[in-house]
Amino acid sequence: MSLLLGVDLGGTKVELIALTSHGRELLRRRADTPQGNYPETIRTIVKLVEEAEDELAEKGTVGIGTPGAVSAATGRLKNSNSVCLNGMPLREDLARALGRPVRLANDADCFSLSEAVDGAAARAEIVFGVILGTGVGGGIVVRGKLLNGANAIAGEWGHNPLPWPQGVERPGPPCYCGRSGCIETFLSGPGLARDHERRTGESLDAKTIAERAEVGYSTCRGSMALYEDRLARALAHVINILDPHVIVLGGGLSNCARLYANVPRLWGKYVFSDRIDTKLVPPRYGDSSGVRGAAWLWKR
C-alpha cells in the first residue's frame with residue numbers, strides 16, 4: 001500500500017495523519033480520547049481510520065504511537081500512563097477491528113523515528129529522540145531503524161536516576177514508577193514547576209517559567225539554569241553510553257530556545273571525551289512528529 005496512516009494515541013486526543021510513501025501529508029484528523037474507556041478507544045481509532053480511507057478512496061497501512069510499550073512476555077501493553085491500556089492486547093484488538101496487521105510503538109519512539117527519517121536528524125547515523133513534557137521519554141534510531149531492545153524499553157532514560165546528584169537532589173522526588181529521583185521527576189514540565197515552587201514559593205507552570213526566564217525574571221532564570229545543568233547531566237549520561245550523532249528534543253519544553261545553546265556548553269563537564277560532536281537540535285515537525293513517526297513504522 002502506498003498510503004501510510006499514522007495514529008497518535010494521547011491522553012487527551014487521538015490524532016490521525018495520512019502520508020504518501022514519500023512523506024507528503026494528505027490529511028489530518030483529531031478526536032477526543034475516551035477517558036478510561038478501552039473499548040471506546042478502539043472504536044475511536046477505527047472510526048478515524050475508516051473515515052480517512054473513505055475520504056481518500058484508498059486503504060493504507062496503520063501504525064500506532066501509544067504511551068507505554070508491548071510486553072515481550074505477554075504481548076499486551078505495559079508502562080502506559082493511560083492506565084486503561086495496561087494489560088490490554090491493543091495491537092491485536094485493532095488488527096481484528098481493522099481487518100489488517102497493525103504496527104505499534106511507544107510514542108517517544110515514533111517521535112524519534114519521524115525526526116530521524118525526514119526531520120531535524122535526517123540521515124544521522126545514531127539519533128536519540130527526547131520527550132520533555134508531562135513525562136520524560138526517549139527513543140533510539142540507528143541507521144534509519146528504530147531500536148526496540150530485548151525488553152521493548154530502549155531509550156527509556158526517564159526512569160533512570162539523575163546522574164551526579166547534588167545536595168537536595170538526594171534521594172529525589174518520588175516517581176509514579178515507585179522509585180525516587182528518576183530523571184522524569186526533575187526534567188518533566190511538572191518537575192520543573194514543582195522545583196521552582198520549592199525554591200521560590202512561586203506557583204508557575206513550566207511554560208511560564210521558561211517564558212519569564214527569557215525576559216529576565218531572576219527567579220525563573222535561576223530555575224532554568226538549574227534545569228539546564230540537570231538536563232546536561234542526564235544527556236551526558238546518554239552520550240557516554242550511546243554516543244549519538246544527534247539528540248532531538250520534543251515535548252513542550254523543546255520550545256525553550258535557550259536549551260540548545262546552554263546545555264551543550266554544560267555537558268562537556270560530564271561527557272567522557274576530549275571533544276563532543278553530538279548536536280542538540282529542536283524538532284522539525286514539533287507536535288506532529290509522533291503521528292508522522294507512527295505512519296513511518298511501515299516503511300522502516
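Is Trp164 buried, partly exposed or exposed? At 38% relative accessibility, Trp164 falls in the partly exposed class, since that class covers what lies between the 20% limit for buried and the 50% limit for exposed. Keep in mind that this is a predicted model.

With a relative accessible area of 24%, Ala152 counts as partly exposed.

There is also a cis peptide bond to look at, and it joins Arg170 and Pro171, with omega at about -10°. Pro171 is found in the loop between S10 and H4.

**Rings and charges**

How many aromatic pairs are there? The count comes to 2. One of them is Phe128 with Trp157: the ring centres are 5.8 Å apart and the planes sit at 80°, so this pair is edge-to-face. The angle is over the 60 degrees that edge-to-face asks for. Phe128 belongs to strand S8 (residues 126–132), while Trp157 is in the loop between strand S10 (145–146) and helix H4 (183–187). The two are 29 residues apart, and the pair links distant parts of the chain. Phe128 is buried, and Trp157 is buried as well.

| Arginine | Tyrosine ring | Distance from the ring centre |
|---|---|---|
| Arg212 | Tyr217 | 5.2 Å |
| Arg292 | Tyr285 | 4.0 Å |

**Helices H1 and H2**

Two packed helices are described by the angle between their axes and the distance between the axes. For helix H1 (residues 38–56) and helix H2 (residues 90–98), the angle is about 45° and the axes are 10 Å apart. H1 and H2 are therefore oblique to each other. Their crossing is right-handed.

Which residues meet between H1 and H2? H1 brings Tyr38, Ile42, Ile45, Val46 and Val49, and these meet Leu90, Asp93, Leu94, Ala97 and Leu98 in H2.

**Two buried loop residues**

Ser80 has its place in the loop between strand S6 (77–78) and H2. With a relative accessible area of 4%, Ser80 is buried. Leaving aside residues up to four places away in sequence, Ser80 touches Pro67, Gly68, Leu85 and Asn86. For a sense of scale, Ser80 and Val271 are 191 residues apart in sequence and 31 Å apart in space, going C-alpha to C-alpha.

Thr20 is the other one to look at, and its place is in the loop between strand S2 (13–19) and strand S3 (25–32). Is Thr20 buried or exposed? Thr20 is buried, because its relative accessible area is 16% and buried means under 20%. Again not counting residues up to four places away in sequence, Thr20 touches Ser2, Leu4 and Leu26.

Definitions and conventions
Residues numbered from 1 in each chain as written. Predicted model: local features only at pLDDT ≥ 70, side-chain atom pairs only at ≥ 80, totals over all residues. Heavy atoms only, no water. Phe/Tyr/Trp six-rings, centres within 6.5 Å; stacked < 30°, edge-to-face > 60°. Helix = DSSP H or I, 4+ residues; strand = E, 2+ residues; numbered from the N terminus. Buried < 20%, exposed > 50% of the residue type's maximum accessible area, 1.4 Å probe, protein only. Lys NZ or Arg CZ within 6 Å of the ring centre and 35° of its normal. Axes fitted to C-alpha atoms, helices over the stretch in contact; angles between N-to-C directions. Parallel < 35°, antiparallel > 145°, perpendicular 65-115°, else oblique. Left-handed = near helix turned anticlockwise from the far one by under 90°. Contact = heavy atoms within 4.5 Å.
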